Amino acid sequence: MRRSVWVAFLSAALVVAGSGLIALTATGAFDRSDSKKQVATVPAPATSVRTKTAPVPPEPTAAPTTVPTAAATPARPATPAQPVTPQRPSRSAGPTAAALRATKYVFPIGGCRADASQSHHDYPASDIFADRGCRFVSPVDGRVDEVTRVDSWDKKTNVGRDRGGLSVSVVGVDGVRYYGSHLSAIGAGVEPGLVVKAGQVLGLTGNTGSAQVTPPHLHFGISWPTAPGHWWIRRGAVAPQSFLNAWHEGRQLSPVALVGKVRRAYGVDRGCRAYC
């Protein structure tokens, strides 16, 4: 009896003890160290937290490429306008003495026999007789002054401005004008303003104009420059014979001094004075 009671008692004690162990385990009294490890290794539950995303600043725009320009000059204050005093056109000083000494002159007919008249009717000039088609050349370095390419002469009217027929005039580097007319042809490109050299061909001898009733010849005149159309000066104002004779012989003789003297004596130009 006692032994069975004792066994029952021990069994009950074991049951009670086991229950306590189970209860302590349930409360985590023996699992503290393990629980710490478990807490450390178990990830925290994920939470979704909405945050405001900062706006992304726009990418800087590249500055436009520009071509460097010169810096603008600051504007200056306006200067009061000054009264303008009209001025007379200044006269050219003319060629220097050294330039005149260096000027070369040639006879105005090239490549043909030519005979210059030692006088002329009504006004100073020379008729240089030569075969038709001989070369009329510039007697000096200079610039073409006036050119007439149309023969307008009519023997019924015999107007002075038309008597020359085809013609070319040159103003030389010496300031003197040289004129040749009655040409049968004028060189291509021979126009006012053309720079020419002494001996350069300007045209060919012939009998245009009033020379239609005479043998072919070159009418040659020397004068001072004038405004266009002053044919009564252009045709000849200074006797050219002494200069033509010198150039024909290869001697250099300048008409500058004589032209200046005759120009001063001529005075005011009021138009044609003889054989108009």
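In this predicted model, a disulfide links Cys272 to Cys276, with an S to S distance of 1.9 Å. The torsion about that S-S bond comes out at -100°, which makes the link left-handed. Both ends are partly exposed: Cys272 sits at 24% relative accessibility and Cys276 at 44%.

A search of the whole structure turns up two disulfides. Cys112 and Cys134 make up a pair too, their sulfur atoms 2.0 Å apart, and here again the link is left-handed, with -100° about the S-S bond. Cys112 belongs to the loop between strands S1 (109-110) and S2, while Cys134 belongs to the loop between S3 and S4 (135-137), so this bond ties together parts that are 22 residues apart in sequence. Counted in sequence order, the bonded cysteines pair up as 1-2, 3-4.

Cys276 also turns up among the contacts of Arg163, along with Trp153, Asn158, His182, Thr208, Gly209, Ser210, Arg235 and Tyr275, once neighbours within four places in sequence are set aside. Arg163 itself is in the loop between strands S5 (142-148) and S6 (166-172). Arg163 is buried but has no salt bridge; Asp122, the nearest side chain of opposite charge, is 7.5 Å away.

Then there's helix H5 (residues 241-248), where Gln241, Phe243, Leu244, Ala246 and Trp247 are the buried residues. Their cover includes strands S2 (115-116), S3 (126-129), S7 (177-186) and S10 (217-223), plus helix H6 (256-266). After H5 comes Gly250, with a positive phi near 85°.

Note on methods. Residues numbered from 1 in each chain as written. Predicted model: local features only at pLDDT ≥ 70, side-chain atom pairs only at ≥ 80, totals over all residues. Heavy atoms only, no water. Helix = DSSP H or I, 4+ residues; strand = E, 2+ residues; numbered from the N terminus. Buried < 20%, exposed > 50% of the residue type's maximum accessible area, 1.4 Å probe, protein only. Lys, Arg positive; Asp, Glu negative; His and termini not counted. Salt bridge = Lys/Arg side-chain N within 4 Å of Asp/Glu carboxyl O. Contact = heavy atoms within 4.5 Å. Disulfide = S-S within 2.5 Å.
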